[in-house]
Amino acid sequence: ASLAQAQATRTWVSGVGDDVNPCSRTAPCKTYACAISKTATNGEISTLDPGGFGAVTITKGMTIDGTAGAGFGSILASGTSGVIINDVSGNAVVTLRNLSINGASTTAGSGIRFLAGKALIVEDCDIFGFTGTGTVGRGISVELTAGPRNVVIKDTNITNCTTGVRIGTTSSLVAAVLDNVNIDASGNQVAGTTGVELAAGGFATLRDCTISRFQNGINNTGGANSGAALLGTTLFSNVTGLNAGASTARSSKSAFLLNDTAVSLAGGAFNSGCDNFFNGNTTEVSGGGITNNCVK
């Protein structure tokens with residue numbers, strides 16, 4: 001009996017599966033939630049074929065892979081959050097890969113909420129349609145109460161969300177790396193929208209990213225205890241491209257294009273390499289000046 005109930009390192013889901021199955025390759029389950037219950041800690045859930053596999057709460061380390069090719073892992077999260085990671089032990093590393101997370105333009109919930117755990121890795125995902133306000137309406141929301149923690153978001157599209165990515169923690173810090181991430185409001189500079197919010201304890205490096213059509217492309221709300229570093233990133237058609245506030249923002253090889261204000265400072269600093277490109281902005285820098293850091 002104990003062997004029959006043992007959790008597998010790899011489990012499978014299918015659009016034509018059944019949750020009474022053991023989630024094996026030949027007898028897949030129907031939902032990610034059921035597969036989680038039958039997957040060992042640090043195991044992996046794979047997707048055999050297209051389907052909608054339901055919203056989930058994850059409390060242990062694991063990988064959920066929507067599987068490029070034959071599979072298509074869709075989570076329709078109408079009126080709720082798509083994925084919640086809440087590992088109170090603080091040891092879980094959760095990887096979400098090849099998933100489509102759709103909020104259906106409802107005003108409750110966020111795409112991914114990271115509440116507790118060690119690290120979150122998001123790769124090759126599409127997150128869209130989370131349009132609420134306040135603590136919801138976020139594509140990816142990092143709301144940690146302990147740190148330090150790590151977040152990696154790579155090769156991902158986040159569109160039609162009130163806030164694309166929110167990074168913050170009430171204790172210590174969380175370091176995020178965004179690599180080739182496209183964040184677009186799918187609107188036109190709507191008031192209250194933010195591409196990337198850096199709350200208290202939130203630090204982010206953005207490499208080869210594009211953030212467009214928000215009230216604030218990057219909005220630093222955490223003061224000196226937060227900050228952004230840009231490398232090869234484009235801020236396009238925002239009211240404010242980078243609202244650095246009282247923080248120190250750093251940028252190299254990045255483009256600030258057609259924003260009302262490219263960079264806004266309020267007692268903070270903008271440390272610039274010699275290779276940033278400013279063009280078509282109504283105001284280049286407000287509330288301070290650029291500190292040039294040219295090494296030749």
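Visitor: How far apart are the closest N and O atoms in the salt bridge of Glu143 with Arg113?

Guide: Keep in mind that this is a predicted model. A salt bridge needs a side-chain nitrogen of Lys or Arg within 4 Å of a carboxyl oxygen of Asp or Glu. Glu143 and Arg113 form such a bridge, and their closest N and O atoms are apart by 2.9 Å.

Visitor: Is Glu143 buried or exposed?

Guide: Buried means under 20% relative accessible area. Glu143 has a relative accessible area of 18%, so the word for Glu143 is buried.

Visitor: Which strand holds Asp179, the salt-bridge partner of Arg207?

Guide: The closest N and O atoms of Arg207 and Asp179 are 2.8 Å apart. Arg207 lies in strand S18 (residues 202-207), 28 residues away in sequence, so the pair ties that strand to the one with Asp179, strand S16.

Visitor: Is the aromatic pair of Phe256 and Phe270 stacked or edge-to-face?

Guide: Planes over 60 degrees apart count as edge-to-face. The ring centres of Phe256 and Phe270 are 5.9 Å apart and the planes stand at 85 degrees, so the pair is edge-to-face.

Visitor: What is the angle between the planes of Phe256 and Phe278?

Guide: Planes under 30 degrees apart count as stacked. Phe256 and Phe278 are a stacked pair with 4.7 Å from centre to centre, and the angle between their planes is 5 degrees.

Visitor: Which residues do ring pairs link into a cluster with Phe256?

Guide: Phe256 lies in strand S25 and Phe278 in strand S28 (residues 277-279), so their pair ties together parts 22 residues apart in sequence. Phe256 also pairs with a residue of strand S27 (residues 269-272). Ring pairs therefore link Phe256 into a cluster with Phe270 and Phe278.

Notes
Residues numbered from 1 in each chain as written. Predicted model: local features only at pLDDT ≥ 70, side-chain atom pairs only at ≥ 80, totals over all residues. Heavy atoms only, no water. Phe/Tyr/Trp six-rings, centres within 6.5 Å; stacked < 30°, edge-to-face > 60°. Helix = DSSP H or I, 4+ residues; strand = E, 2+ residues; numbered from the N terminus. Buried < 20%, exposed > 50% of the residue type's maximum accessible area, 1.4 Å probe, protein only.
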